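The model comes first, then the notes.

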Amino acid sequence: MSQQSLQTKLVSVVQHVDQHGSSVPPIYQSTTFKIGSLEDDASQPYDYTRSGNPTRTVVQHQIGKLYDVDAAQVLAVSSGMTALDVILRALVLTNKSRVPTIIAGDDLYGGTQRLLTHLESRNHARVLHVDTANYETFVEVFKQQEHVDCVLLESPTNPLLKVADLPRLTHFIKSANEACLVAIDNTMMSGMLCNPLKFQCDVVYESATKYLNGHHDIMAGIVVTQTLKMAQEIYFVINSTGSGLSPFDSWLLVRGLKTLGVRLYQQQHNAMVLAHWLENSCGFVGKKGVKGSPRTRFVGLKSHPQFELHKSFNAGPGAVLSFETGSYEHSRRLVSSRKIKIWAVTVSFGCVNSLISMPCKMSHAAIDPALRQERDFPEDLVRLCCGIENISDLQNDLLEAMIDADIIELRDEGKTIYNKLNGHIATNTIGQGKLPNIYEEFFSQDLVERGSILTSRAKL
Ligand SMILES: Cc1ncc(COP(=O)(O)O)c(C=O)c1O
Ligand SMILES: N[C@@H](CCSC[C@H](N)C(=O)O)C(=O)O
């Protein structure tokens, strides 16, 4: 029999046993579980929800399918940051003889940067930040260290969309030092689009608050380990501190996972069309001679400097893109525009609703402005996190807001767009229902020829 696809596997939840045969696993909203007899105590799977809960077990099973591992290697915790915290506490901050050295990227999510800075300020860790999108630089820095205890990778990065060559980096790290822990934050891709456990990474985590749940009604994190031993060490910290995911949030996450495939499909479709439209029709493409990446940043665009690299180990581009308007004030006006009706001005991504934000004021405000400047983090960066709405509605909403923010002007009865900031003139393609070539090339081949891009992982 042919192997089931991930989409199918996540829709069905067959693992629970219920006395009434309920189709949906019930929520075990119970702190305690009765023991049959004192003699049986040790063999009972549950006694207290901090230690374990049947609904949490169900979600761990579903995530096990997503990452193709045994459920015992999956841990569901209360947030994405908790996931990183328990990984570090269990596997990195344990060495009594020396302060561990951690190498991390230089375009990290603001909260990750904040936690690492905090650990460093208390002398719990020595943290080095490197541009992980530059393999040679990374190797050089790594080799210069007497010891490296952990490498924390993220790809593509949030919000600059820089791509780290995860298979090559993990291969190098493990060949250089088998004992160095390689941890990957896979939130921007989700297990549906990338499975880093297939290329020598020790532990993967995700903020399940994002794509996995997809509805912005819970905070959750998942940790998936390469070995059972690592999972047991992390479980010790979770049980000791009480950071496991609550029964209700576990239940919601199981429900959210059922639609991960279809949500991601529509979200990526929207992101692909929007990125193309922004780059070609609104003129936010990088000017020649301007330092850095193109102004419309999206790993699904061929103009992205690491388009091919990303495609080589991921099954899709995700749904987060960013662009610079050219001035902080115009970006501020855009995000504050009263004309925005569909795009919600909020942090986060991966939700069914489309979101617009200014990272320097919102998600990445925790990073010192001086450090942002040092890292070429554009203060006028606008981040778009595409939801599942109709693409023409999303385009029209953004267009109205860009006109209101004095960024673009519609001419010839709306037929052309004039970019007031750089003089670019383009045909207004909104609502024509024609997908850009890039979409056809990137998606259709995979969708039509391979069955589904979302169910097949990149061949590693
Ligand atoms: C890439 C990335 N990793 C981790 C986190 C932390 O997740 P959470 O908010 O669920 O703690 C976030 C966002 O919050 C994120 O964007
Ligand atoms: N105030 C929060 C900001 C959360 S940002 C959430 C998400 N990762 C994103 O990138 O939008 C904080 O201080 O952490």
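Ser190 sits in the loop between strand 5 (181-185) and strand 6 (203-207). Helices (H or I, at least four residues) and strands (E, at least two) are DSSP runs, numbered from the N terminus. Ser190 is not a glycine, yet its phi is positive, about 75°. Ser190 is buried, with 25 other C-beta atoms within 10 Å. Buried means 20 or more other C-beta atoms within 10 Å of the residue's own, exposed means 12 or fewer, and partly exposed is in between; C-beta atoms are placed from the backbone.

The model is predicted: local features need pLDDT of at least 70, side-chain atom pairs count only at pLDDT 80 or more, and totals for chains, interfaces and linings use all residues. Residues are numbered from 1 along each chain as its sequence is written, while chains are lettered from A and ligands numbered from 1 in the order in which they are written.

Leu161 lies in the loop between strand 4 and helix 6. Leu161 has a positive phi of about 55° and is not a glycine. It counts as buried, with 28 C-beta neighbours inside 10 Å.

Pro156 is in the loop between strand 4 (150-154) and helix 6. A cis peptide bond links Ser155 to Pro156, with omega about -10°. Pro159 also belongs to the loop between strand 4 and helix 6. Asn158 and Pro159 are joined by a cis peptide bond, with omega about 15°.

## Two domains

Domain 1 covers 6-258 and domain 2 covers 260-450; these bounds come from an automatic or database domain assignment. Their C-alpha centres are 29 Å apart. Domain 1 puts 33 residues into the contact and domain 2 puts in 31 residues. Two residues are in contact if their C-beta atoms, placed from the backbone, lie within 7 Å.

On the side of domain 1 that touches domain 2, helix 1 (6-11), helix 4 (110-121) and helix 6 (166-176) each supply at least two residues. Helix 4 gives the largest share of that side, four residues.

## The nonpolar core

How many residues does the largest nonpolar core have? It has 123 residues, and those with the most contacts inside it are Ile87, Ile222, Val223, Ile234 and Leu274. Helix 9 (residues 260-281) supplies the largest share, ten residues. Both domain 1 (6-258) and domain 2 (260-450) give residues to this core, so it lies between them. A nonpolar core is a set of buried Ala, Val, Leu, Ile, Met, Phe, Trp, Tyr and Cys residues joined through C-beta atoms within 7 Å.

Leaving aside neighbours within four places in sequence, Val223 is in contact with Leu75, Val77, Ala83, Val86, Ile87, Val203, Tyr205 and Ile234.

## Helix packing

Helix 3 (residues 80-92) packs on helix 7 (residues 228-241) at about 115°, with axes 9 Å apart. Axes are lines fitted to C-alpha atoms, for helices over the stretch in contact, and angles run from 0 to 180 degrees between N-to-C directions. Helix 3 is therefore roughly perpendicular to helix 7; angles of 65 to 115 degrees count as such, under 35 as roughly parallel, over 145 as roughly antiparallel and the rest as oblique. Contact residues include Val86 and Ile87 of helix 3 and Ile234 and Val237 of helix 7.

Helix 9 and helix 13 (residues 391-404) pack at about 40°, with axes 10 Å apart. That makes helix 9 oblique to helix 13. Asn270, Val273, Leu274 and Trp277 in helix 9 meet Ile391, Leu394 and Gln395 in helix 13.
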